[in-house]
Amino acid sequence: MKNGYYITPSDIPNNGILFVDHESKKRSGHMSHALVEYEENCILAFYSNSSAAIEHGHTGYGWIEYKRTTDGGETWGEPVILDYSYRSFIDGCFNISCEKAVMTDDGVIVLFCLRNKKITRWEPYLEPVVLLSNDNGITWSEPIEFSEYRGRVMDACYKDGVIYALEFCNDAEIKWTGNLSEHVYRLYISTDSGRHFTEKSVIPYDTFGRSYGAMEWLPDGRLITYIYNENDEFNMDCCISDDKGIHWSFPFKSFCAKRIRNPQVCNLNGTYFLHGRSGNEDPSLPFNFVLYSSEDGVHWDDGEYLCVTCPKGWGNAAYYSNNCVTGRFGGRKRLLIQASVPYFEGCVNIAHWWIDFSV
């Protein structure tokens with residue numbers, strides 16, 4: 001136990017609970033860790049099923065699948081292929097990444113889809129779309145345009161009947177980090193369960209050398225966003241809004257002792273958790289999967305490694321992750337973390353960790 005919470009598996013660092021065994025099928029699967037709770041003890045968990053032969057397994061060349069649990073993660077059903085992703089891949093149009101999903105109060109699951117123009121990789125990006133499901137992920141709508149800007153939806157959350165979605169509007173034709181003045185972070189909202197999104201604001205970040213992003217609500221009800229800086233992996237850039245995303249503070253730094261890349265943030269029982277890869281740009285430092293905690297969502301503890309890079313792995317090509325706080329519809333309030341873990345070179349399996357405040 002640390003700071004009042006428990007991690008399962010507890011003997012960290014470890015490889016987590018094996019969720020998708022790509023190694024046995026000579027497959028891989030980066031990004032696309034959308035998670036959504038839709039009823040008590042019921043969760044959909046998405047992941048990529050991609051080639052292990054192209055780009056040493058660090059590729060988007062494949063499609064999206066998802067599994068369902070109806071017992072709070074004790075067991076998971078058989079994989080289901082997301083038809084839109086499979087058709088897009090087979091037709092050679094683009095590949096799909098699904099990194100975020102939300103459930104609205106009127107029973108609609110909104111799945112955010114990054115459309116990757118280069119079918120064997122990810123960048124460049126096309127305009128993102130959303131898919132809607134009215135039957136708990138059994139069937140899905142045709143794609144609905146999210147915004148007019150090419151880019152990547154970095155995070156999405158749902159609060160008081162409103163979906164908030166953060167897009168980094170960078171087409172990545174030059175690079176996936178910001179490199180032109182028009183590369184900005186835009187906040188969008190939807191009040192009709194994802195059928196239409198409208199721009200609420202542009203967040204005043206200096207985006208040169210920046211990418212990725214996360215959002216969360218602070219204890220006093222303010223909205224905070226976090227982004228990654230490839231030139232300073234010990235500090236995330238942050239902005240705070242006092243009015244639900246209309247206006248924003250000047251950017252400031254949030255320090256991470258073990259570095260952070262592709263930050264993912266959530267709040268469980270008043271404790272904030274931050275996880276992601278422990279950097280990428282300094283090969284003298286470790287590329288591991290790191291977890292931090294905080295009382296205020298800004299000042300983080302020293303962190304601990306959930307998983308460390310295996311000797312034959314490429315740690316700088318793993319540990320894409322996401323999380324889901326359960327208990328919205330009843331049952332236990334706990335945190336599910338899903339991440340890709342290396343098994344050889346750039347090839348990855350998918351693993352789970354659970355965080356609880358009681359056993």
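Guide: The sulfur of C266 is 9.2 Å from the closest cysteine sulfur, that of C324, and therefore too far away for a bond. A disulfide here is a pair of cysteine sulfur atoms within 2.5 Å, and the structure holds zero of them. C157 is in no disulfide either; its nearest cysteine sulfur, in C266, is 12 Å away. C266 counts as buried because its relative accessibility is 3%, and C157 is buried at 14%. Buried means under 20% relative accessible area, exposed over 50%, and partly exposed in between, with a 1.4 Å probe and protein chains only.

The model is predicted: local features need pLDDT of at least 70, side-chain atom pairs count only at pLDDT 80 or more, and totals for chains, interfaces and linings use all residues. Residues are numbered from 1 along each chain as its sequence is written, and side-chain values use heavy atoms, with hydrogens and water left out.

Next, the aromatic rings. The structure holds 27 aromatic pairs. Rings of Phe, Tyr and Trp (its six-membered ring) pair if their centres lie within 6.5 Å; planes under 30 degrees apart are stacked, over 60 edge-to-face, and the rest tilted. Y66 and W140 are edge-to-face, at 6.2 Å centre to centre and 85 degrees between the planes. This pair links distant parts of the chain, 74 residues apart: Y66 is in strand β6 (residues 62-69), W140 in the loop between β10 (129-133) and β11 (144-145). Helices (H or I, at least four residues) and strands (E, at least two) are DSSP runs, numbered from the N terminus. Y66 is buried, at 4% relative accessibility. Y164 and W217 also form an edge-to-face pair, with 5.2 Å between centres and 80 degrees between planes. Y164 in strand β13 (residues 162-169) and W217 in strand β16 (residues 210-217) are 53 residues apart, and both are buried. Elsewhere, ring pairs join Y61, W63, Y86 and F89 into a cluster.

A charge sits over a ring if NZ of Lys or CZ of Arg is within 6 Å of the ring centre and within 35 degrees of the ring normal. R186 has its charged end over the ring of Y149, 3.7 Å from the centre, while R115 lies over the face of F94 at 5.1 Å.

Last, the backbone. The I12 to P13 peptide bond is cis, with omega near 0 degrees, and P13 lies in the loop between β1 (6-8) and β2 (17-20).
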